[in-house]
Amino acid sequence: CLNFVVNAPMQMRVHNDESAELAITLLQLGADISFFIFDMKTLNPKMMSILFEKIAINPYLKEIRIRNSIHDGMMLFAPVIARSKYLSNIHLTNNAIDIEGAKVLAKAIKSNTTLSLVNLGCNSLLAGGAKYICQALIGSQTLENLYLNENGIGKEAREDLASV
């Protein structure tokens, strides 16, 4: 039996399967978890998929930080971005997201109407991946901050992206 009383939004770091199981249980019990930090390198992809299904519909979710993503990690995470009606900040720095990963993320970002901050710094987007992301954000009514630093974009591509 698990009893808990929560008077304020919780933050949760998910770094192994046990903490993922705890997060799933807390979400099923209606816990107000507004901020998740994931270290995906140490998580079982099946467990991650189950947890992502739960957090996609979490009405309290406002911010997610993911680091050390496994190769297909963005494929697992993209549906959360697309389905969440509450998520406002995503930090996906240092995940080796390449052009293909950016393409998947761009599709999800385009579907989301609540994002105000997207941080994709320190990945491997290159100019092609950055362009997918920027095109997905055209017409966004909520985006205030987009970070694409240290992605090997290059000066000419930055100028092209500024026009998008």
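Which residues are buried in helix 3 (residues 73-83)? That is a handy way into this predicted model, and the notes below start there.

1. **Helix 3, the inward side.** The buried residues are G73, M74, F77, A78, V80 and I81. Around the axis they take up an arc of only 160°, so they sit on the same side of helix 3. As for what lies over them, the cover includes helix 2 (45-56), strand 3 (63-67), strand 4 (89-91) and helix 4.

2. **F77, one to click on.** F77 is among the buried residues of helix 3. If you set aside its neighbours within four places in sequence, F77 is in contact with F52, I64, I66, I90 and L92. F77 also turns up in the largest nonpolar core, as one of the residues that touch the most other members.

3. **The core itself.** That core has 49 residues, and those touching the most other members are F36, F38, L51, I55, I64 and F77. Helix 2 supplies the largest share, with six residues. As background, nonpolar side chains in soluble globular proteins tend to be buried together.

4. **Helix 2 against helix 3.** How do these two helices run relative to each other, parallel or antiparallel? Their axes come within 9 Å and cross at roughly 0°. An angle under 35 degrees counts as roughly parallel, so helix 2 and helix 3 are roughly parallel to each other. On the helix 2 side, the contact is made by P45, M48, S49, F52, E53, I55 and A56, which meet L76, F77, V80 and R83 of helix 3. Sorted by class, the residues of this contact are eight nonpolar, one polar and two charged.

5. **Helix 4 against helix 5.** Here is another pair to look at: the axes of helix 4 (residues 99-111) and helix 5 (residues 126-136) come within 8 Å, crossing at roughly 5°. This pair is therefore roughly parallel too. From helix 4, I99, A102, K103, L105, A106, I109 and K110 take part, and they meet L126, G128, G129, Y132, I133, Q135 and A136 from helix 5. The residues of this contact split into nine nonpolar, three polar and two charged.

6. **Helix 5, buried residues.** G129, A130, I133, C134 and A136 are buried in helix 5. They span an arc of only 160° around the axis, which puts them on the same side of helix 5. Among them, G129, I133 and A136 also belong to the contact with helix 4.

7. **V104, on helix 4.** V104 is found in helix 4 and is partly exposed, at a relative accessible area of 25%. Not counting residues up to four places away in sequence, V104 touches M74, M75 and A78. Y132 is 28 residues from V104 in sequence, and their C-alpha atoms are 9.0 Å apart in space.

8. **N58, a loop residue.** Where is N58? Look in the loop between helix 2 and strand 3. Is N58 buried or exposed? Its relative accessible area is 3%, and the cut-off for buried is under 20%, so N58 is buried. With residues up to four places away in sequence left out, N58 touches L27, I33, F36 and Y86. F36 you have met already, among the core residues that touch the most other members.

9. L146 lies in strand 6 and counts as partly exposed at 29% relative accessibility. Residues up to four places away aside, L146 touches V118, I133, C134 and L137. L146 and G121 are 25 residues apart in sequence and 9.1 Å apart in space, C-alpha to C-alpha. N149 is in the loop between strand 6 (145-147) and helix 6 (155-163), and at 38% relative accessibility N149 is partly exposed. N149 and G121 are 28 residues apart in sequence, with 4.7 Å between their C-alpha atoms. Leaving out residues up to four places away, N149 touches N119, G121 and C122.

10. **Positive phi in a loop.** Please have a look at N94 and A96 as well. N94 is not a glycine, yet its phi is positive, at about 55°. A96 also has a positive phi, near 55°, and is likewise a residue other than glycine. N94 is in the loop between strand 4 and helix 4, and A96 lies in the loop between strand 4 and helix 4 too. N94 counts as partly exposed at 48% relative accessibility, whereas A96 is exposed, with a relative accessible area of 58%.

Terms used: Residues numbered from 1 in each chain as written. Predicted model: local features only at pLDDT ≥ 70, side-chain atom pairs only at ≥ 80, totals over all residues. Heavy atoms only, no water. Axes fitted to C-alpha atoms, helices over the stretch in contact; angles between N-to-C directions. Helix = DSSP H or I, 4+ residues; strand = E, 2+ residues; numbered from the N terminus. Parallel < 35°, antiparallel > 145°, perpendicular 65-115°, else oblique. Contact = heavy atoms within 4.5 Å. Nonpolar A, V, L, I, M, F, W, Y, C, P; charged D, E, K, R; others polar. Buried < 20%, exposed > 50% of the residue type's maximum accessible area, 1.4 Å probe, protein only. Arc of directions from axis to C-beta. Core = buried A, V, L, I, M, F, W, Y, C linked by side-chain atoms within 4.5 Å.
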